[in-house]
Amino acid sequence: MQNAEVSQRAADAGSSILHSSFCLLHFQVSDTGIGMTPEQLGKLFQAFTQADASTSKKYGGTGLGLVLCRRFCQMMGGDVTVASEPGQGSTFTVTLPAAVEETVPKEAPDFRRPLPSAPGATTVLAIDDDPVVRDLMQRSLGKDGYRVVTAASGPEGLELARQLKPAVITLDVMMPGMDGWAVLTALKADAQLANIPVVMVTIIDEKKMGFALGVADYLTKPIDWTRLAAVLEKYKKAATSPLVLVVEDDANTRDLMERNLAKEGWSVVTAENGRVALSQVAVKIPAVILLDLMMPEMNGFEFMQELRRREEYKHIPVIVITSKDITEEDRRRLNGEVERIIQKSATSLDEVLAEVRALMAQPADHKGADL
């Protein structure tokens with residue numbers, strides 16, 4: 001920065017800055033650099049955006065610094081503004097209240113312990129460092145019949161997520177130590193937690209980044225409780241609907257089956273091979289498994305062998321959907337442990353859905369058919 005000039009002045013010179021929350025502090029930083037056009041100024045506070053894309057190559061930077069700076073100032077009741085002309089430099093003005101009051105409960109209750117809820121209530125894990133938000137989450141969502149467990153930090157939230165396997169997680173971004181983005185990344189990297197829907201509830205309006213990292217929904221503070229309740233209701237229904245596990249290494253086939261099964265009202269989780277599928281079964285036992293045979297790491301035959309070793313998994317109906325020509329040896333290897341073998345090339349998706357519907361209608365203890 002060239003010829004940087006920093007000035008501080010009180011909004012009301014005749015009042016005491018240090019003792020009045022009505023006074024504002026103004027900090028100005030000026031330079032004599034390249035300046036900006038009105039069009040560039042309009043992009044200045046957009047995340048991951050440079051005022052001029054060419055400047056990132058010449059001067060570096062990610063386009064996040066000014067966004068975060070402005071957000072911090074707004075959280076304290078202030079703001080950041082800028083005035084600039086091409087070739088004449090820029091002046092940034094930071095305005096902050098002279099005193100920022102923080103309200104903290106004198107005796108913070110144990111928000112980690114859930115309030116009483118009805119038996120079988122859907123569990124929501126709320127991760128937020130603000131005790132007031134945690135309290136409101138418990139009280140507001142508790143009235144809607146949810147069992148709300150809260151965590152005050154990212155590490156605590158991850159620990160509780162592994163213990164509870166909640167139906168949905170609400171997550172703040174701005175937390176000390178481990179922020180929300182780091183928590184989200186850790187959740188999605190854990191095979192046992194990756195499919196838990198995460199709803200961001202935060203002051204940072206970074207929807208694009210959130211959805212890119214895999215969030216199910218994104219709400220900004222102050223919290224719209226009606227909208228939050230509607231979002232959670234969607235995942236509450238999904239958590240109580242029959243679960244179908246699709247084990248398929250082809251991404252396009254997985255996506256197609258997931259979309260069409262979800263339209264039927266079923267919850268769907270997917271796995272790209274048998275090893276990942278076993279992790280998914282350990283999280284929640286599905287009502288039906290749709291299984292490909294030819295997959296890397298652990299194929300369908302190996303998966304079935306491991307699945308049927310455990311008594312609690314022996315009742316799970318399995319439909320094999322494969323492009324492989326099934327031999328008598330293949331049938332012996334499967335040993336009557338699957339409901340049906342369907343050839344991909346000869347079967348429509350409607351027929352697969354019909355098979356799943358039929359299995360869903362059968363008693364829970366029904367298992368294995370003759371091939």
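Predicted model: local features only at pLDDT ≥ 70, side-chain atom pairs only at ≥ 80, totals over all residues.
1. Residues are numbered from 1 along each chain as its sequence is written, and side-chain values use heavy atoms, with hydrogens and water left out.

2. A quick word on the labels: helices (H or I, at least four residues) and strands (E, at least two) are DSSP runs, numbered from the N terminus. The chain has 13 helices and 14 strands. Of its 371 residues, 40% are buried, where buried means under 20% relative accessible area, exposed over 50%, and partly exposed in between (1.4 Å probe, protein chains only).

3. Now the sheet itself. Five strands form an open sheet in the order β6-β5-β7-β8-β9, with parallel pairing; two strands pair if DSSP finds at least two bridges between them. β6 (147-151) and β9 (217-220) are the edge strands, each with a single partner, so one side of each has no neighbour in the sheet. On average, neighbouring strands here are turned by 20 degrees against each other, direction ignored.

4. Look at the two ends. β5 and β6 pair in the parallel sense over five bridges, and β6 is mostly covered, with four of its five residues buried.

5. Which strands does α6 touch? α6 packs on the sheet against β5, β7, β8 and β9, and its direction makes about 160 degrees with that of β7. For such angles, axes are lines fitted to C-alpha atoms (for helices over the stretch in contact), and angles run from 0 to 180 degrees between N-to-C directions. Contact means heavy atoms within 4.5 Å.

6. α6 also has a helix partner. Helix α5 (residues 154-164) and helix α6 (residues 180-189) pack at about 25 degrees, with axes 10 Å apart. That makes them roughly parallel (under 35 degrees; over 145 is roughly antiparallel, 65 to 115 roughly perpendicular and the rest oblique). G154, L158 and A161 in α5 meet V183, A186 and L187 in α6. By class, this contact has five nonpolar, one polar and no charged residues. Here Ala, Val, Leu, Ile, Met, Phe, Trp, Tyr, Cys and Pro count as nonpolar, Asp, Glu, Lys and Arg as charged, and the others, Gly among them, as polar.

7. The axes of helix α10 (residues 274-283) and helix α11 (residues 300-307) come within 9 Å and cross at roughly 30 degrees, which makes α10 roughly parallel to α11. G274, A277, L278 and V281 of α10 make the contact with F303, E306 and L307 of α11. These residues divide into five nonpolar, one polar and one charged.

8. Most residues other than glycine have a negative phi, and most peptide bonds are trans. K165, in the loop between α5 and β7, has phi near 50 degrees and is partly exposed, at 28% relative accessible area. E297 has phi near 70 degrees and is exposed, at 60%. The peptide bond from K221 to P222 is cis, with omega near 0 degrees, and P222 is found in the loop between β9 and α8 (225-240).
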